[in-house]
Amino acid sequence: MHPRFAKPLDTLPAPLKAALLPMLDPADGSAFNARFTPDQVATLKAASGLDDRALRLVLLPLAAACSVAPISKFFVGAIACGLSGTWYFGANMEFAGQGLFHSVHAEQSAISNAWLGGETGISEITVNYTPCGHCRQFMNELSTAKTLQVSLPDDLSALQSFLPHSFGPADLDITDALMSPQSHDELALESEDPLWQAALAAARQSYAPYSQGYAAVALQFADGRLFCGRYAENAAFNPSLPPMQMACAHAVLNGADLATIRRAVLLESKNGQISQRDAAQSTLKALGSVELEYLAV
């Protein structure tokens, strides 16, 4: 089990702690993948006697333990409920010495975790602090934005109540939505390198209806694990989540140490109106990591 979970785990009732331990520390030696399947959720509910919402609130400190916040020292956790019934952790992430715009918010982290996990929408998101305006706008891009519920320690409300008179994809004549299935098969690559192939697969599923700048990052770590991030665009532009940030956040949720990145590749569309190259290189520099490998296809 990753040591970051030890302290919050010790605060939980014994039956719930006992049920969680084999999930956080799998018997096969693999790392906890920052999600609970429907069967695992059922096990945790039976052990705790709590309903879905109450259980997610109790589990929030475990999600917040994944936070990396060297600047704010403000640790936020989130749990997104995928339409499949799987629950996904998320946590905020900051990059020391870099502009604050590089940061990943906990809600973005949880939603990205769900999207990378194959979900096509989320029904509810539980957070230990009220979502900021940036996150409200990010969530308004989702395929389930009109029905999404936001659960806080003292409140349960529809996203739309947090964002009245909202601006979204429809205002720019976009009928697509974040987390809806994407298939940008016009992106092609001859290389058989597994890392580049992973980046290609992720880029084909990226969401960029405003710039057509379909892009993805793939990171390879010293332990052999590989994590990807897809570009997630937003109607308000600034809340868009770059692929490098998504890849880093996903890796950290899975217990990876960003200091052990051995390769980092960025693949993007050569026909897009924007490029992720400079931003990705800047983030890697902040990590003191490897040089970025780059292809536009």
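Cys132 sits in the loop between strand 4 (122-127) and helix 6 (133-139), where helices (H or I, at least four residues) and strands (E, at least two) are DSSP runs numbered from the N terminus. The model is predicted, so local features need pLDDT of at least 70 and side-chain atom pairs count only at pLDDT 80 or more, while totals for chains, interfaces and linings use all residues. Residues are numbered from 1 along each chain as its sequence is written, and side-chain values use heavy atoms, with hydrogens and water left out.

With a relative accessible area of 30%, Cys132 is partly exposed; buried means under 20%, exposed over 50%, and partly exposed in between (1.4 Å probe, protein chains only). UniProt places an unreviewed "binding site" feature at His105, Cys132 and Cys135, in the numbering used here, with feature names shortened and annotations that may be inferred rather than shown by experiment. These residues are spread over 31 residues of sequence, yet they cluster in space, the largest C-alpha distance being 9.1 Å.

His105 is found in the loop between strand 3 and helix 5 and counts as partly exposed because its relative accessibility is 23%. Beyond residues up to four places away in sequence, His105 touches Ala91, Asn92, Cys132, His134 and Cys135, contact meaning heavy atoms within 4.5 Å.

The unreviewed entry in UniProt also lists Asn92, Met93 and Glu94 under "binding site". Asn92 lies in the loop between strand 3 (87-91) and helix 5 (106-116) and, at 8% relative accessibility, is buried. Glu94 is found in the loop between strand 3 and helix 5 and counts as buried at 11%.
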